[in-house]
Amino acid sequence: MLIPVVFQNSDFVVIDKPADVSVHSEESAGLVVQLKQQLNAPNLYPVHRLDKMTSGLMVFALNKPTAQAFQKAFENHEVEKFYLAISDQKPKKKQGWVKGDMLTARRGSWKLAKTMQNPARTQFISTLLQSSERLFLLKPLTGKTHQIRVAMKSLSAPICGDIRYAFADLAKLEDRGYLHAYAMRFELFSRSYEFVSLPNTGKRFVTEDCKRALQAWSKPWECFNS
(Lines give C-alpha, C1' and ligand atoms only; values in the text may rest on other atoms or scores of the structure.)
Protein backbone atom coordinates (compact mmCIF):
# COMPACT_ATOMS: atom_id res chain seq x y z
CA MET A 1 0.00 0.00 0.00
CA LEU A 2 1.43 3.34 -1.06
CA ILE A 3 0.72 5.96 1.61
CA PRO A 4 -0.17 9.35 0.07
CA VAL A 5 2.38 12.05 0.95
CA VAL A 6 0.89 15.55 1.15
CA PHE A 7 4.10 17.43 1.96
CA GLN A 8 7.70 16.65 2.82
CA ASN A 9 10.82 18.64 3.61
CA SER A 10 14.00 17.86 5.53
CA ASP A 11 12.25 18.24 8.91
CA PHE A 12 8.87 16.55 8.65
CA VAL A 13 6.41 14.76 6.40
CA VAL A 14 2.63 15.12 6.23
CA ILE A 15 0.68 12.10 4.99
CA ASP A 16 -2.95 11.35 4.25
CA LYS A 17 -3.55 8.39 6.54
CA PRO A 18 -5.92 5.75 5.14
CA ALA A 19 -8.88 4.72 7.28
CA ASP A 20 -8.67 1.44 9.22
CA VAL A 21 -4.88 1.41 9.39
CA SER A 22 -3.19 1.30 12.79
CA VAL A 23 -0.34 3.72 13.45
CA HIS A 24 1.62 1.04 15.27
CA SER A 25 2.00 -2.59 14.22
CA GLU A 26 -0.60 -5.13 15.32
CA GLU A 27 -1.09 -8.37 13.36
CA SER A 28 0.45 -6.66 10.34
CA ALA A 29 2.93 -3.83 9.81
CA GLY A 30 1.58 -0.52 11.08
CA LEU A 31 1.69 2.89 9.48
CA VAL A 32 5.05 3.85 11.03
CA VAL A 33 6.79 0.74 9.69
CA GLN A 34 5.21 1.08 6.24
CA LEU A 35 6.01 4.78 5.91
CA LYS A 36 9.58 4.33 7.12
CA GLN A 37 10.14 1.76 4.38
CA GLN A 38 8.36 3.84 1.73
CA LEU A 39 10.38 6.99 2.46
CA ASN A 40 13.59 5.11 3.23
CA ALA A 41 13.74 7.29 6.35
CA PRO A 42 16.26 6.33 9.05
CA ASN A 43 14.17 8.10 11.71
CA LEU A 44 10.43 8.72 11.89
CA TYR A 45 8.69 10.28 14.89
CA PRO A 46 4.85 10.45 15.04
CA VAL A 47 4.18 13.79 16.74
CA HIS A 48 0.45 13.20 17.35
CA ARG A 49 -1.95 10.30 17.06
CA LEU A 50 -4.95 9.25 15.02
CA ASP A 51 -7.24 6.36 15.88
CA LYS A 52 -7.26 3.34 13.58
CA MET A 53 -10.64 4.23 12.03
CA THR A 54 -9.64 7.86 11.39
CA SER A 55 -8.30 8.96 8.01
CA GLY A 56 -6.59 12.19 7.04
CA LEU A 57 -3.66 14.43 7.87
CA MET A 58 -0.92 13.09 10.11
CA VAL A 59 2.54 14.55 10.75
CA PHE A 60 5.80 12.70 11.33
CA ALA A 61 9.04 14.42 12.29
CA LEU A 62 12.17 13.24 10.49
CA ASN A 63 14.63 14.18 13.22
CA LYS A 64 14.66 14.59 16.98
CA PRO A 65 14.92 18.43 17.14
CA THR A 66 11.82 18.71 14.96
CA ALA A 67 10.00 16.14 17.06
CA GLN A 68 10.84 18.16 20.17
CA ALA A 69 9.66 21.38 18.49
CA PHE A 70 6.34 19.76 17.58
CA GLN A 71 5.96 18.39 21.11
CA LYS A 72 6.36 21.89 22.52
CA ALA A 73 3.91 23.33 19.95
CA PHE A 74 1.27 20.74 20.83
CA GLU A 75 1.77 21.26 24.55
CA ASN A 76 1.28 25.02 24.07
CA HIS A 77 -1.83 24.45 21.88
CA GLU A 78 -0.12 26.16 18.94
CA VAL A 79 -1.20 23.52 16.41
CA GLU A 80 -4.72 24.03 15.08
CA LYS A 81 -6.46 20.82 14.00
CA PHE A 82 -9.83 20.37 12.32
CA TYR A 83 -11.81 17.18 11.86
CA LEU A 84 -14.84 16.10 9.84
CA ALA A 85 -17.42 13.66 11.14
CA ILE A 86 -20.79 12.42 9.93
CA SER A 87 -23.65 11.27 12.15
CA ASP A 88 -27.09 9.99 11.23
CA GLN A 89 -28.52 10.90 14.63
CA LYS A 90 -30.04 14.24 15.61
CA PRO A 91 -27.59 16.20 17.82
CA LYS A 92 -28.59 17.98 21.02
CA LYS A 93 -27.24 21.17 19.44
CA LYS A 94 -25.99 22.06 15.98
CA GLN A 95 -23.00 24.21 16.96
CA GLY A 96 -21.11 25.38 20.01
CA TRP A 97 -18.83 23.66 22.49
CA VAL A 98 -18.45 20.29 24.20
CA LYS A 99 -16.53 20.60 27.46
CA GLY A 100 -15.92 18.28 30.38
CA ASP A 101 -13.48 15.95 32.06
CA MET A 102 -12.97 12.60 30.34
CA LEU A 103 -13.17 9.54 32.54
CA THR A 104 -12.26 5.94 31.79
CA ALA A 105 -15.16 3.62 31.08
CA ARG A 106 -15.38 -0.07 30.25
CA ARG A 107 -13.11 -1.94 27.85
CA GLY A 108 -10.87 0.97 26.91
CA SER A 109 -13.66 3.45 26.26
CA TRP A 110 -14.02 6.94 27.71
CA LYS A 111 -16.96 9.03 28.85
CA LEU A 112 -17.57 12.73 29.32
CA ALA A 113 -18.19 14.03 32.85
CA LYS A 114 -19.82 17.27 33.92
CA THR A 115 -16.80 18.20 36.03
CA MET A 116 -14.24 20.69 34.70
CA GLN A 117 -10.99 19.94 36.56
CA ASN A 118 -8.95 19.22 33.40
CA PRO A 119 -11.59 19.31 30.70
CA ALA A 120 -11.50 18.23 27.09
CA ARG A 121 -12.70 21.15 24.95
CA THR A 122 -14.08 20.84 21.45
CA GLN A 123 -15.68 23.56 19.33
CA PHE A 124 -17.91 22.55 16.43
CA ILE A 125 -20.32 23.62 13.71
CA SER A 126 -22.48 21.41 11.53
CA THR A 127 -24.64 21.37 8.42
CA LEU A 128 -27.44 19.10 7.22
CA LEU A 129 -26.49 16.88 4.28
CA GLN A 130 -29.80 15.11 3.86
CA SER A 131 -32.63 13.98 6.08
CA SER A 132 -31.12 12.58 9.33
CA GLU A 133 -27.52 12.93 8.10
CA ARG A 134 -25.34 15.78 9.35
CA LEU A 135 -21.74 16.79 8.65
CA PHE A 136 -19.71 18.21 11.54
CA LEU A 137 -16.57 20.36 11.47
CA LEU A 138 -14.81 20.02 14.82
CA LYS A 139 -11.89 21.91 16.29
CA PRO A 140 -10.42 20.23 19.40
CA LEU A 141 -8.70 22.68 21.75
CA THR A 142 -7.21 19.84 23.77
CA GLY A 143 -5.78 16.49 22.73
CA LYS A 144 -7.45 13.82 24.83
CA THR A 145 -7.76 10.18 23.75
CA HIS A 146 -10.99 9.59 21.77
CA GLN A 147 -11.92 13.23 22.44
CA ILE A 148 -13.94 13.86 19.28
CA ARG A 149 -15.62 10.46 19.32
CA VAL A 150 -16.74 10.98 22.92
CA ALA A 151 -17.81 14.57 22.21
CA MET A 152 -20.03 13.37 19.37
CA LYS A 153 -21.57 10.68 21.54
CA SER A 154 -22.26 13.28 24.26
CA LEU A 155 -24.19 15.27 21.66
CA SER A 156 -26.38 12.19 21.08
CA ALA A 157 -24.86 12.06 17.60
CA PRO A 158 -22.26 9.27 17.61
CA ILE A 159 -20.11 9.02 14.49
CA CYS A 160 -21.38 6.69 11.77
CA GLY A 161 -19.32 3.51 11.75
CA ASP A 162 -17.81 4.07 15.19
CA ILE A 163 -18.21 0.57 16.60
CA ARG A 164 -16.98 1.63 20.06
CA TYR A 165 -19.26 4.63 20.65
CA ALA A 166 -22.16 4.28 18.20
CA PHE A 167 -24.78 1.55 18.02
CA ALA A 168 -22.49 -1.41 17.34
CA ASP A 169 -24.84 -3.44 15.13
CA LEU A 170 -25.53 -0.45 12.87
CA ALA A 171 -21.90 0.73 12.95
CA LYS A 172 -20.74 -2.63 11.59
CA LEU A 173 -22.88 -2.08 8.49
CA GLU A 174 -20.95 1.08 7.55
CA ASP A 175 -18.06 0.93 5.07
CA ARG A 176 -15.82 2.90 7.44
CA GLY A 177 -15.78 5.06 10.55
CA TYR A 178 -16.71 8.58 9.46
CA LEU A 179 -13.99 10.61 11.17
CA HIS A 180 -11.39 12.43 9.07
CA ALA A 181 -8.46 14.66 10.05
CA TYR A 182 -9.36 17.42 7.62
CA ALA A 183 -6.96 20.32 8.16
CA MET A 184 -4.17 21.65 10.31
CA ARG A 185 -2.27 24.90 10.70
CA PHE A 186 0.91 25.64 12.64
CA GLU A 187 4.18 27.54 12.69
CA LEU A 188 7.51 25.72 12.84
CA PHE A 189 10.99 27.22 12.81
CA SER A 190 9.55 30.66 11.91
CA ARG A 191 7.60 29.39 8.92
CA SER A 192 3.81 29.00 8.69
CA TYR A 193 2.11 25.92 7.26
CA GLU A 194 -1.49 25.14 6.30
CA PHE A 195 -2.76 21.79 5.05
CA VAL A 196 -6.22 20.63 3.97
CA SER A 197 -7.11 17.08 2.93
CA LEU A 198 -10.53 16.19 1.53
CA PRO A 199 -11.83 12.74 2.46
CA ASN A 200 -11.78 10.42 -0.55
CA THR A 201 -13.14 7.14 0.85
CA GLY A 202 -16.49 6.24 2.36
CA LYS A 203 -19.79 6.50 0.49
CA ARG A 204 -21.11 9.16 2.89
CA PHE A 205 -18.03 11.39 2.44
CA VAL A 206 -17.98 11.31 -1.36
CA THR A 207 -21.58 12.35 -2.04
CA GLU A 208 -22.24 15.56 -3.96
CA ASP A 209 -24.02 17.00 -0.89
CA CYS A 210 -20.90 16.48 1.22
CA LYS A 211 -18.60 17.90 -1.45
CA ARG A 212 -20.75 21.03 -1.74
CA ALA A 213 -20.78 21.48 2.05
CA LEU A 214 -17.00 21.23 2.18
CA GLN A 215 -16.59 24.03 -0.35
CA ALA A 216 -17.89 26.40 2.34
CA TRP A 217 -15.34 25.00 4.78
CA SER A 218 -12.31 25.15 2.47
CA LYS A 219 -10.50 27.33 5.03
CA PRO A 220 -11.77 25.83 8.28
CA TRP A 221 -9.77 28.20 10.49
CA GLU A 222 -12.05 30.99 9.23
CA CYS A 223 -15.19 29.11 10.33
CA PHE A 224 -14.72 29.59 14.08
CA ASN A 225 -14.72 32.59 16.35
CA SER A 226 -11.59 32.79 18.48
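Author: A residue is called buried when its relative accessible area is under 20%, exposed when that area is over 50%, and partly exposed in between, with a 1.4 Å probe and protein chains only. The model is predicted: local features need pLDDT of at least 70 and side-chain atom pairs count only at pLDDT 80 or more, while totals for chains, interfaces and linings use all residues. Residues are numbered from 1 along each chain as its sequence is written, and side-chain values use heavy atoms, with hydrogens and water left out.

Let us begin with the cysteines. A disulfide is a covalent bond between the sulfur atoms of two cysteines; the criterion applied is a pair of cysteine sulfur atoms within 2.5 Å. The structure holds 0 disulfides. C160 takes part in none, and the nearest cysteine sulfur, which belongs to C210, is 11 Å away. With a relative accessibility of 3%, C160 counts as buried. C223 is likewise in no disulfide, the nearest cysteine sulfur, again that of C210, being 14 Å away. C223 has a relative accessible area of 25% and is therefore partly exposed.

We now turn to the aromatic rings. A pair of aromatic rings is described by the distance of the centres and the angle of the planes. Rings of Phe, Tyr and Trp (its six-membered ring) pair if their centres lie within 6.5 Å; planes under 30 degrees apart count as stacked, over 60 as edge-to-face and the rest as tilted. The structure holds 14 aromatic pairs. In one of them, the ring centres of F12 and F186 are 5.8 Å apart and the planes stand at 65°, so this pair is edge-to-face. It links distant parts of the chain, since F12 belongs to strand β2 (residues 12-17) and F186 to strand β11 (residues 179-188), 174 residues apart. Both F12 and F186 are buried. F186 also pairs with F195: their centres are 6.1 Å apart and their planes at 40°, so this pair is tilted. The relative accessible area of F186 is 4%, which makes it buried, and F195, at 8% relative accessibility, counts as buried too. F12, F186 and F195 belong to one aromatic cluster together with F7, F70 and Y193.

A ring can also have a charge over it. The condition is that NZ of Lys or CZ of Arg is within 6 Å of the ring centre and within 35 degrees of the ring normal. K99 lies over the face of W97, 4.7 Å from the ring centre. The charged end of R176 sits over the ring of Y178, at 5.7 Å from its centre.

T54 counts as buried, at 1% relative accessibility. Contact means heavy atoms within 4.5 Å. Leaving aside neighbours within four places in sequence, the contacts of T54 include K17, P18, Y83, R176 and H180.

Finally, we consider charged pairs. Side chains of opposite charge can pair when their charged atoms come close. A salt bridge is a side-chain nitrogen of Lys or Arg within 4 Å of a carboxyl oxygen of Asp or Glu. By this rule the count comes to 10 salt bridges. One of them joins E80 and K139, whose closest N and O atoms are 3.1 Å apart. E80 lies in strand β5 (residues 80-87) and K139 in strand β10 (residues 133-140), so the pair ties together parts that are 59 residues apart in sequence. K139 is buried, with a relative accessible area of 14%. E80 also meets R185 in a salt bridge of 2.8 Å, N to O. R185 is in strand β11 and E80 in strand β5, so this pair ties together parts 105 residues apart in sequence. At 27% relative accessibility, R185 counts as partly exposed. E80, K139 and R185 are linked with E194 in a network of salt bridges.

Methods
Helices (H or I, at least four residues) and strands (E, at least two) are DSSP runs, numbered from the N terminus.
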